[in-house]
Amino acid sequence: MKQLLIKLREAFISVLPVAAIVLILAATPLTDFSSTELITFSVSAVFLVIGIALFNLGADLAMTPMGSHVGVGLTKSKKLTVLLIVCFVMGILITVAEPDLSVLADQVRAVMNNIVLIVTVGVGVGLFLLIAVLKIVLRRDLSALLLFFYMVLFAICALLIESGKNDFLAMSFDSGGVTTGPITVPFIMALGVGISTTIGGRNSNENSFGLVALCSIGPIIAVMILSLAATGDLTYTIPDYSMSSALGGFGNVIGETVLEVLRALALIVLFFVILQLTVLKLPKPEIVRIVIGIAYTFVGLIVFLTAVKIGFMPIGFKLGTQLADNKIVLVVFGLVIGMVVVLAEPAIHVLNKQVEEITGGGVTKKEMLIALCIGVGLSIALSMIRIIYGFSILYYLIPGYCLSLGLSFFVPKLYTAIAFDSGGVASGPLTSSFILPLAVGACSSVADEGSILSLGFGIVAMVAMIPLITIQLLGFKAVMSAKARNRITMKRILSADDEQIINFAWESDNGK
């Protein structure tokens, strides 16, 4: 209960700023919401808090221990083939259960079957999780792997443009951002730590990072390949975001959500049972803990997805359509809502603390938070500008990834691993459930319906790209500051006489 209360508080802090801004805007002439819409949104916000808290607690109790036990147990067995097969299958199953991915898939089902999209993304994660595990086992350099696979990614991107299917680019990049969500990340990171700790080695801490970074590339490549193979009517039509239809079919929404979550989690549970009986053989108290965690996850996902479909997505879409009438307001709102969303994301605060500890205070929590707030706010504001002027997302992504990959050669490898792992942290549940419908709504007012797939989508990818640059720039600053301090110290030592050196050494020892 104590853990649940902590998760409820974190979820409340996450949802409150967004809900407050929407309700404040509702009192201005810029928007026109009915009382039914506002009441439904407010009730949905409460249930969204409960849903996020429950599935975050479930992830802590079930997904993280499962990842750790799979990593440690299979690595100790010294059967590499079995480890790789299990990681591939678990990568698929964990991704299928990811709520952010379900939200994205529902919004593009007009051009791509949502089940096919989810499975394709799952296969992409599974393959790249396999590659990430091989990276740890074989102790390969993360920067080199990232550079190679991003080159492959942009080569496939060029093929997509050449085939005339460049409308799918933004959605493909979004799939990489939504995959690394609250269920997938704890499992993958725990798996990496388990394998790296068991194998050991001088750089075991550094090797445990990078799995999420590689697993974010897999879905993008997989969806691009799926888009290349897509045939038939590929015309995008806006989903029914109206709140009246969601409320009218309330029973159907809950029924579909329950079946969707049940299918996803049942596959994970079944596969874990097989592993428990054959390889892991965990003690009964640990199994009970995991079962309770899965139950929390099940209920939390149902509450979260229902609240999203009924309250947040309709309001986000309508808000986008109404704010698009004033383009300056739309861009400013994008900047503010981006800063608020990342400020309220609980995982961001965990990341900031982790970076401060690892860097020994070279990068402080305050510096990280300010940089990420400004960065994510700018990413959403820039996305709104892209919607207004109608240009390709590649104008942002290519320079962004070139900068982030270039920085990886000038900062310590640990910064690069943390930065690329953190890409999915910034794009939390509210990004796919509120900000993406907001962008689609704005695009539907500014551009024609046929442009929504290429212009409305891509906002999740922009949010996910920011930490790649931000954390490495802060790391670069910390490294350069350390070098400058060392140069000043050496200069003082070399230019001093013997008596000054003694005094300098005494001052250093006494913290002066």
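This is a predicted model: local features need pLDDT of at least 70, side-chain atom pairs count only at pLDDT 80 or more; totals for chains, interfaces and linings use all residues.

Visitor: What span should H16 have, and how far apart are its end C-alpha atoms?

Guide: H16 covers residues 365-389, and its 25 residues should span 36 Å at 1.5 Å a residue; the end C-alpha atoms are 36 Å apart, which agrees. The expected span is 1.5 Å times one less than the number of residues. Helices here are DSSP runs (H or I, at least four residues), numbered from the N terminus.

Visitor: What follows H16?

Guide: Gly-390, with a positive phi near 70 degrees.

Visitor: How do H16 and H22 cross?

Guide: Their axes come within 9 Å and cross at roughly 145 degrees, H22 being residues 459-495. Axes are lines fitted to C-alpha atoms, for helices over the stretch in contact, and angles run from 0 to 180 degrees between N-to-C directions.

Visitor: Which residues meet there?

Guide: Among them are Met-368, Leu-372 and Val-376 in H16, and Met-462, Ile-466 and Leu-474 in H22. The contact residues divide into 14 nonpolar, four polar and two charged. Ala, Val, Leu, Ile, Met, Phe, Trp, Tyr, Cys and Pro count as nonpolar, Asp, Glu, Lys and Arg as charged, and the others, Gly among them, as polar.

Visitor: Changing topic, is Thr-431 buried or exposed?

Guide: Thr-431 is buried, at 2% relative accessible area. The cut-offs are under 20% for buried, over 50% for exposed and partly exposed in between (1.4 Å probe, protein chains only).

Visitor: What is Thr-431 in contact with?

Guide: Leaving aside neighbours within four places in sequence, Thr-431 touches Val-341, Ala-426, Leu-436, Val-460 and Val-463. Contact means heavy atoms within 4.5 Å.

Visitor: And salt bridges, how many?

Guide: Seven in the whole structure, each a side-chain nitrogen of Lys or Arg within 4 Å of a carboxyl oxygen of Asp or Glu. In one of them, Lys-318 pairs with Glu-37, the closest N and O atoms being 2.9 Å apart. Lys-318 lies in H13 and Glu-37 in H2, so the pair ties together parts 281 residues apart in sequence.

Visitor: Which residues are linked in a network?

Guide: Asp-106, Arg-109, Glu-260 and Lys-309.

Technical notes: Residues are numbered from 1 along each chain as its sequence is written. Side-chain values use heavy atoms; hydrogens and water are left out. Helices (H or I, at least four residues) and strands (E, at least two) are DSSP runs, numbered from the N terminus.
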